[in-house]
Each structure stands twice: as C-alpha cells, then as structure tokens.
Amino acid sequence: MTHHTIHQSADERFNPVAGVLAYLLPGLGHWYLGEAKRGLLIGAGVLWLFFGAVLIGGIDSVDRVEDKWWFVGQAGVGPIAFAADLVHQTQFKVVDSRGQLQTPPPGPDAKASKSIGHANEIGSLFGAIAGMLNIMCVIDALWRPRIDRRVRIRSASASDGAPA
Amino acid sequence: MILRLLAYTPFLDPMPMPGGMWWLTLAPLALGIAVVYKAIKLDDMRRYNKQVAMMTTQIIVVMVALAIGIQLVVGWLTPLLGG
C-alpha cells in the first residue's frame, strides 16, 4: 500500500509545463508550482551568474560560434543566453582581414572589444555554471509537486504511515 | 590601468582586472552557486540564509586550501624532488 502510494505520487508529480517555464525564464517554473520565494531566489542566482559573466568577460564571453563548447553550458540559461549571443553576433562583430566575422580588438572604433585572458575565462565560466545550474532547476521543476498537491500527498502518506 | 578603467564599458568590454586580482571573482561565483543550489535543495526555507552563507564559505575555504596545496607541491615539493 505504501509503495503504491509513493509510485502514484511520483507519476503525478511530473509537470512539463513547469519545466518549460523554468527554461524560458530561470525561476519561473518554481513560481508556477506555487513556490514564489524559491523561484525568485533561483532567478536571482542564475541571472546574477549570467550577467556577472557578461560584466566580467564582456559580451564576447557569450559566443555561439567562437566559443561553441562554453556556449553549450551557457545555453542552459535559456532564451536570455541566445538573445545575448544574437546581439553579439549581429551588432558587435566585424569582418576581419581574413574575411571572418570576429569581435574586434580594443580600439577607438570598436563598439565592443575582444575578451582575452582571465576576464574571458572567468566570464565564460560564470555563464556556463549559470546554465548548468539552471538545467538542475529545470529538472527539479519537472518533478517537484505543486505546493497544494504536496500537502495532499503528505496527508495521504501520513494516513498510510509512510514517510512524505 | 586608469586609462583602461576609463575606457571600460560594462557588459560590452571585458572588465580590466589589476594583475593577480582575478581570483577575487571566486567570492561572487561561490555565492551564486550557493544561492541557486540551496534554493533547490532545502525543504525548509527558514534555514536558507545560514545555509547559503555556510556553503559559500565552504567553497571559498576549500578552493583556497586547494590553491595552497597545489602551491606547496609546485613551489616546494617539486623543486625538492628535482634536487
């Protein structure tokens, strides 16, 4: 009886809408599940790290083309990462002498400058960690019960004598 | 350095860091990780602030300890073994 109750609860918990919302905007999935404070903290933490990445490494630390593997991690932040990359690719890159699209080196005419050295490494790292943490949050939102439903599950488990 | 700071445009240019000070970014990184991780992990949010402070401190202390350990190996043990 106890196993049956827990199994049903796990099935009942799966919530793809919360997962999609959590990916669209960090913290929104938990907000949707009735946990506004948790959602706000997740959003604040992930965005702190992502905007910290752009603050430290410049817009060049988010680059789908030149730093593909870093961007795989950063993409976990969701549409915000793709928007930052789109702005970078379309607004700040110039064609260099070899005909390739590059972020220009520092100079009076450069709208944004190439990120190198520690600033680039740390910026890329902040962004990738933000993305991976948000993926954890998406997974958590997918299987976290809604707050009202969790109370019901706990009550049912308590009446069965099973741990919640 | 002053000229680099004056020329810096936040969010567009990479932040000018005085030589050797880049490791200070470990603190905001550790804080961000702790804020998100504990928001998922904790059931009882009343302990949240304390847990975040503790995890941030743990990350920083362990990273500093690792840095000291690696410095000892590279700067002291390796030359000693090399004669």
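## Packing and confidence in a two-chain predicted model

A:L49 is buried, at a relative accessible area of 0%. Buried means under 20% relative accessible area, exposed means over 50%, and partly exposed lies in between, with a 1.4 Å probe and protein chains only. This is a predicted model, in which local features need pLDDT of at least 70 and side-chain atom pairs count only at pLDDT 80 or more, while totals for chains, interfaces and linings use all residues. Residues are numbered from 1 along each chain as its sequence is written, chains are lettered from A and ligands numbered from 1 in the order in which they are written, and side-chain values use heavy atoms, with hydrogens and water left out.

**Around A:L49**

A:L49 is in helix α4 of chain A. Helices (H or I, at least four residues) and strands (E, at least two) are DSSP runs, numbered from the N terminus. Contact means heavy atoms within 4.5 Å. Setting aside neighbours within four places in sequence, A:L49 touches A:F126, A:G127, A:I129, A:A130 and A:L133 in chain A. In chain B, A:L49 touches B:P28, B:L29, B:G32 and B:I33.

A:L40 counts as exposed because its relative accessibility is 54%. Its C-alpha atom is separated by 21 Å from that of A:F14, 26 residues away along the chain.

**The helix pair between the chains**

Two packed helices are described by the angle between their axes and the distance between the axes. Helix α7(A) packs with helix α2 (residues 26–41) of chain B at an angle of about 5°, with the axes 10 Å apart. Axes are lines fitted to C-alpha atoms, for helices over the stretch in contact, and angles run from 0 to 180 degrees between N-to-C directions. The two helices, α7(A) and α2(B), are therefore roughly parallel. Angles under 35 degrees count as roughly parallel, over 145 as roughly antiparallel, 65 to 115 as roughly perpendicular and the rest as oblique.

From α7(A), the residues in this contact are A:L125, A:F126, A:I129, A:L133, A:M136, A:C137 and A:D140. They meet B:P28, B:L29, B:G32, B:I33, B:V36, B:Y37 and B:I40 of α2(B). By class, this contact has 12 nonpolar, one polar and one charged residues. Here Ala, Val, Leu, Ile, Met, Phe, Trp, Tyr, Cys and Pro count as nonpolar, Asp, Glu, Lys and Arg as charged, and the others, Gly among them, as polar.

B:T25 lies in the loop between α1 and α2 of chain B. B:T25 counts as buried because its relative accessibility is 14%. Beyond neighbours within four places in sequence, B:T25 contacts A:I56, A:I122, A:F126 and B:M17. B:F11 is found in the loop between α1 and α2 of chain B. B:F11 counts as partly exposed, at 38% relative accessibility. Its phi is near 75°, a positive value in a residue other than glycine. Most residues other than glycine have a negative phi.

**Chain A as a whole**

Chain A has eight helices and two strands. Along the sequence the pattern is α-α-α-α-α-α-β-β-α-α. Of the 164 residues in chain A, 48% are buried. Among contacts between residues at least 6 apart in sequence, 62% join residues at least 24 apart.

In helix α2 (residues 16–24) of chain A, the buried residues are A:A18, A:G19 and A:A22. Seen down the axis of α2(A), these fall within an arc of 100°, so they line one face of the helix. The arc is that of the directions from the helix axis to the C-beta atoms. The buried residues of α2(A) pack against α3 (28–32) and α7 (117–143) of chain A.

A:A75 is in the loop between α5 (68–74) and α6 (79–92) of chain A. A:A75 counts as buried, at 12% relative accessibility. Leaving out neighbours within four places in sequence, A:A75 contacts A:Y23, A:A81 and A:F82.

**Confidence**

pLDDT is the predictor's confidence in each residue, from 0 to 100.

| Chain | Mean pLDDT | Residues with pLDDT at least 70 |
|---|---|---|
| Chain A | 85 | 80% |
| Chain B | 91 | 98% |

In chain A, confidence is lowest in α1 (residues 2–13), at a mean of 54, and highest in α2(A), at 97. Over residues 1–6 of chain A the pLDDT is below 50, and this stretch has five contacts in the model beyond near neighbours in sequence. Where pLDDT is low, the predicted coordinates should not be read in detail. In chain B, confidence is lowest in α1 (residues 2–7), at a mean of 76, and highest in α2(B), at 97. For the complex, the predictor gives an ipTM of 0.88 and a pTM of 0.84.
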